[in-house]
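Subject: Model handover, salt bridges

Hi,

Here is the model for your files. Please open it alongside this note.

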Amino acid sequence: MENGNSSRGDDDMGVTRPWWRFSRPSGGTQLTAAGTMSIRAVLGRLNSSVDPSETRPIVRLANGDPTAAACFQTAPEAEDAVVDALRSREHNGYSNSTGEPHARSAVAEYLSRDLPYELSPDDIYLTSGCVQAVEIMISALAQPGANILLPKPGFPLYKARTTFSHLEDRHFDLVPERGSEVDLESVKAPADDNTVAIVIINPGNPSGSVYSQDHLAQIAQTARELGIMIIADEVYAHLAFGDRPFIPMGVFSKIAPVITLGSISKRWLVPGWRLGWIALCDPDGILKEAKVDQSIQNYTNISTDPAKFVQGAVPQMIANTKQEYFNKILGLLKNSADLLFSKIKDIRGIICPHKPDGSMFVMVKLDFAALDGFSDDVDFCCRLAKEESVLVMPGTALGMKNWGRITFAIDLPSLEDGLERMKSFCERHAKVEA
């Protein structure tokens with residue numbers, strides 16, 4: 001017998017079971033929608049597609065954790081900082097909800113190096129990685145009727161969090177043929193009086209773009225015209241190896257208020273250390289007047305904190321890591337990006353509109369006019385995993401159907417091997433010309 005969310009009947013002993021009222025927990029629908037196309041869920045599907053009898057190593061071009069490669073390891077100064085913090089025995093207790101003062105000061109000073117004004121420690125909120133920074137901002141902005149503008153393609157966590165928080169997401173386009181610049185007209189079209197913010201990811205994940213100063217200024221001016229804040233996802237800050245330098249969005253915060261999200265995960269190659277931040281780039285006090293800072297504070301009061309010993313290591317990490325280390329990592333990424341862009345030109349059915357200038361990724365278009373037998377990008381990527389043990393992220397997970405995202409933050413021999421396998425795969429499935 002069934003009744004709504006629960007069922008009732010007799011067990012094997014003839015005893016009547018009660019009505020259980022938790023068969024459909026509150027939020028189940030939102031959790032399903034938010035989790036189904038997450039990066040982790042898609043990676044799980046790709047991994048399950050790999051042929052278990054395959055003897056070749058899996059080439060993982062789908063996720064953004066480069067630390068599996070011996071060449072992409074953190075700086076010795078960062079490791080020393082963590083060891084020193086642990087051995088000091090000064091960081092074994094609970095943390096302040098917004099982060100430890102010395103760590104907030106160090107991050108404020110670090111970010112201020114690239115800004116025309118000084119951030120104070122009170123402008124910084126430390127988080128458990130940039131993922132929690134996204135969670136906090138989406139939750140703080142969610143209110144009945146509100147909407148937020150997200151890039152397409154973009155990082156899927158934003159859509160997942162907006163779905164779960166009942167904050168409507170609307171999308172604007174990035175233009176692959178222009179280095180994945182923001183289509184400013186497509187920003188204005190979906191905006192209305194209930195739009196609260198626009199998310200800008202620079203350097204770009206998944207596009208590998210790095211925006212020019214002029215383009216960033218145009219974005220800021222558009223946000224000003226719409227009366228909205230800019231959430232600047234800069235988790236890949238300074239990972240720019242092309243012709244354009246990285247310029248933080250906070251430079252333009254006199255035009256429109258900016259909230260910067262970042263972390264130590266990518267530049268220091270320590271995604272498992274889970275230390276990120278929210279930085280209020282608000283020299284005119286617009287965000288404080290709107291009490292956005294209080295909303296962030298309220299959320300951190302009921303949320304988890306980054307590990308205190310990692311916070312304890314941050315000042316020493318920032319102070320002691322040598323520029324030579326950062327230059328070495330940029331050189332590795334540039335060499336990998338050059339190899340990928342060169343090799344991809346020879347793969348029939350895969351088009352790379354622009355060479356990546358930053359981050360660790362690039363988007364490629366799947367040309368199904370040249371390939372035979374695929375229903376969509378997810379089908380392509382699952383069959384690639386099965387036949388070649390090469391994992392590529394389907395673009396559907398990022399908001400771009402029939403595209404794919406490839407990471408090049410991997411050692412060169414593995415990257416070349418993966419691209420050769422992709423070439424063989426596409427040759428086998430190429431359409432036969434009449």
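Below are the notes on its salt bridges.

This is a predicted model: local features need pLDDT of at least 70, side-chain atom pairs count only at pLDDT 80 or more, and totals for chains, interfaces and linings use all residues. Residues are numbered from 1 along each chain as its sequence is written, and side-chain values use heavy atoms, with hydrogens and water left out.

The structure has 20 salt bridges (a side-chain nitrogen of Lys or Arg within 4 Å of a carboxyl oxygen of Asp or Glu).

Glu420 and Lys343 pair up at 3.9 Å, N to O. Glu420 sits in helix 14 (residues 412-428) and Lys343 in helix 12 (residues 323-344), so this bridge ties together parts 77 residues apart in sequence. Helices here are DSSP runs (H or I, at least four residues), numbered from the N terminus. Glu420 is partly exposed at 36% relative accessibility. Lys343 is partly exposed too, at 25%. On this scale, buried means under 20% relative accessible area, exposed over 50%, and partly exposed in between (1.4 Å probe, protein chains only).

Asp417 bridges to Arg421, with the closest N and O atoms 2.8 Å apart. Both lie in helix 14, four residues apart, about one turn of the helix. Asp417 is partly exposed at 31%, whereas Arg421 is buried at 3%.

One network comes from salt bridges with shared partners: it joins Glu54, Arg56, Glu387, Glu388 and Arg428.

Last pair: Glu168 with Arg170, closest N and O atoms 3.0 Å apart. Glu168 is partly exposed, at 39% relative accessible area.

Best wishes

Methods: Helix = DSSP H or I, 4+ residues; strand = E, 2+ residues; numbered from the N terminus.
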